[in-house]
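Visitor: Please show me the structure. I would like to ask about its strands and its ligand.

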Amino acid sequence: MCGIVGYIGRQKAAPLILEGLKRLEYRGYDSAGVAVLENGRFSVAKRIGRVANLEKDGATQRLAGTAGMGHTRWATHGGVTDANAHPHLSSDGTIALIHNGVIENYAQIKAFLIDKGYTFKSETDTEVLCNLIAYHHAKEPAGHNGDSRFVESVRKTLRHAEGTYGIVVMALDAPGELVTARKGSPLIIGLGDGESLVASDVAAIVSRTQNVVYLKDGEIAHLTAKNLAITTLGAGAVEPVIDKVTWSIADAELGTFSHFMEKEIFEQPAALENAMRGRFSEDGSTANFGGLNITAGEFRGIERFMFCACGTALHAAMVTEHMIERFARMPVECDYASEFRYRNSPLFRNTLFFVMSQSGETIDTLAALREAKRKGYKVLAVNNVVGSTIAREADGGIYQHVGPEVGVASTKAFTSQLLIGAMLALYIGRMRDLSFGEGVRFVEALKSAPGLARIALEQAAHIREIAKRFAHYTDMLFLGRLSLFPIALEGALKLKEISYIHAEGYPAAEMKHGPIALISEKCPSVFLVPSGEMLNKIISSMQEIKARKGPIIAIVTASVELPAGLADETIVVPEAHEAVLPIIMSIPVQLLSYYIAVERGCDVDKPRNLAKSVTVE
Ligand code: AGP
């Protein structure tokens with residue numbers, strides 16, 4: 001959840017670290033800090049609030065060292081205070097450390113260290129790790145396997161640490177070195193020209209280098225400006241695998257947009273094109289996926305599917321459930337990853353597992369993946385971030401290919417998951433009862449999605465005006481049916497997370513079994529209204545709301561004609577194939593939430609209490 005950046009090279013470290021931290025701020029933004037090693041001492045600047053606060057502070061301008069590290073915090077242990085912000089120094093001043101994760105046995109370690117005379121300034125679990133490294137470092141003779149004493153003291157510490165961590169460590173007596181290690185929190189090493197970097201996300205280092213090494217759980221990396229050596233917790237040597245990042249710094253910049261969420265909403269036509277590029281068969285009747293690592297024969301032996309995910313990704317999985325059941329006629333179950341991991345539900349044989357995760361680092365989703373694998377099931381991942389932990393641990397999967405998603409509120413990652421879910425339904429359906437002709441029509445429909453998304457985006461100015469009239473409400477309902485019910489859930493989640501308006505998503509007909517009690521002129525409803533067989537049923541639900549004076553925003557497809565006066569506001573999107581409709585309906589829902597949040601003056605890209613990827617339980 002926290003953002004981590006480390007640098008060692010020829011340049012002044014602090015400005016590069018601050019630049020990297022700004023790109024990582026979406027990971028956590030309670031407080032920020034930088035430490036550099038200069039003139040034989042650590043200089044540290046840290047304070048609560050945003051990176052901009054820290055940058056304004058003259059202290060960071062004066063930091064001149066060429067090795068350093070920085071951190072943006074999302075508080076777990078200890079409140080949001082300057083003292084709890086990272087980096088932390090050991091009480092003897094020899095070790096500096098930044099940390100993402102949670103050390104579960106910190107209380108025992110702390111008691112041990114207090115006994116040894118170490119003192120603590122903060123309430124964090126991180127300071128405990130820092131002092132334990134200092135303790136081992138002070139006692140450590142020359143290391144094993146050619147490792148430095150510094151690496152060995154980190155290794156000894158981590159063998160005692162229970163929980164999760166991504167750390168960067170500096171030692172006063174090792175000025176040209178950084179040590180970094182991970183378990184459960186992502187870390188990426190950048191190998192530049194005479195400089196090395198480490199970060200919790202590629203976005204922080206892509207302006208310096210595109211050559212990266214994804215550190216794995218249980219690995220410890222020892223970095224100098226020109227060298228990288230990786231060993232394991234057990235002290236075995238690891239040969240680093242250098243990957244090339246395929247996107248550039250422009251992908252992670254705002255350009256002419258006001259917020260990343262706005263940029264990412266408008267990027268959706270291109271994102272959809274990227275997600276399906278090269279993924280249709282030559283005869284144009286089905287989808288192809290390169291990385292499933294499962295043969296067509298094995299696929300035919302599958303009798304049911306299970307999807308686990310969290311938040312927005314779970315909503316995408318729920319739409320996928322509908323698509324696979326509808327077009328492939330196969331049973332699908334969806335579960336919150338956080339529930340599945342503890343529920344110990346009875347599972348069927350011949351079940352194929354899927355996890356969906358934009359970041360590929362969500363701890364609950366990762367735990368669900370591990371639980372399913374432990375039970376002997378194959379697990380495939382739909383995931384956007386290349387090299388993420390979920391991508392690496394899954395048996396195979398499908399990359400979303402939509403570039404970095406920076407806004408905390410997921411938008412383009414969501415619609416690309418919907419697209420991939422529909423493509424999966426097509427792929428499985430074509431192995432079963434879906435005919436060649438139906439397959440061809442399905443492929444054509446999917447190919448139309450980017451164009452239809454562009455048309456839906458043309459409603460932006462109209463939706464902005466509606467948002468101005470609805471921004472003052474404190475409660476809202478989102479209502480849809482069948483494959484649009486998860487889009488109603490997603491609309492409510494989007495509105496809640498960025499505008500802090502209380503919102504609920506419901507199947508439109510279920511509304512009369514309880515939520516209708518909330519309806520009054522103070523509680524508007526957003527209805528998702530496609531043409532087709534459910535139209536009259538949905539109109540009946542709208543009439544029930546209207547009869548109770550509830551204001552209505554109707555998002556309708558082009559051919560829908562509503563009874564006069566039924567909707568207070570109408571947003572029209574193009575007609576679309578059943579497999580594409582949820583994608584097209586998502587766009588006005590996202591725009592409505594975005595403009596309402598802007599109207600309310602909310603910090604859209606960094607909503608309170610949230611972080612982009614949730615890597616703690
Ligand atoms: C999306 O708007 C949310 N911020 C959140 O629900 C998110 O989708 C969830 O945390 C899962 O993230 P993931 O896709 O990276 O696993």
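Visitor: Which strand pairs with strand β9, and over how many bridges?
Guide: This is a predicted model, in which local features need pLDDT of at least 70, side-chain atom pairs count only at pLDDT 80 or more, and totals for chains, interfaces and linings use all residues. Residues are numbered from 1 along each chain as its sequence is written, and side-chain values use heavy atoms, with hydrogens and water left out. Helices (H or I, at least four residues) and strands (E, at least two) are DSSP runs numbered from the N terminus, and two strands pair if DSSP finds at least two bridges between them. Strand β9 (residues 188-191) runs antiparallel to its partner, β11 (residues 211-214), and the number of bridges is three.

Visitor: Which residue of β11 is the bridge partner of Gly-190?
Guide: Gly-190 has its bridge partner in β11. That partner is Val-212.

Visitor: Which residue in β15 stands opposite Asn-211?
Guide: β11 also pairs with strand β15 (residues 243-244), in the antiparallel sense and over two bridges. Opposite Asn-211 stands Lys-244.

Visitor: What is the order of the strands in the open sheet?
Guide: Strands of a sheet pair through backbone hydrogen bonds, either parallel or antiparallel. Here seven strands form an open sheet with antiparallel pairing. The edge strands, β5 (88-89) and β14 (237-238), each pair on one side only. The order is β5-β6-β7-β8-β12-β13-β14.

Visitor: Which residue of β8 stands opposite Val-169?
Guide: Strand β7 (residues 163-171) pairs with strand β8 (residues 178-183) over four bridges, in the antiparallel sense. Opposite Val-169 is Val-179.

Visitor: What angle does the direction of helix α6 make with that of β7?
Guide: Helix α6 (residues 149-160) packs on the sheet, touching β7, β8, β12 (219-223) and β13 (228-232). Contact means heavy atoms within 4.5 Å; axes are lines fitted to C-alpha atoms, for helices over the stretch in contact, and angles run from 0 to 180 degrees between N-to-C directions. The angle is about 160°.

Visitor: How far is an oxygen atom of the ligand from a polar backbone atom of Gln-358?
Guide: Gln-358 is among the closest of the 14 residues that surround the ligand, where a residue is near if one of its heavy atoms lies within 4 Å. The distance is 2.7 Å.

Visitor: How much of the ligand's exposed area does the protein bury?
Guide: Accessible areas come from the Shrake-Rupley method with a 1.4 Å probe. Taken alone, the ligand exposes 410 Å². The share buried by the protein is 90%.

Terms used
Polar contact = N/O pair within 3.5 Å; in protein donor to acceptor, adjacent residues only side chain to side chain.
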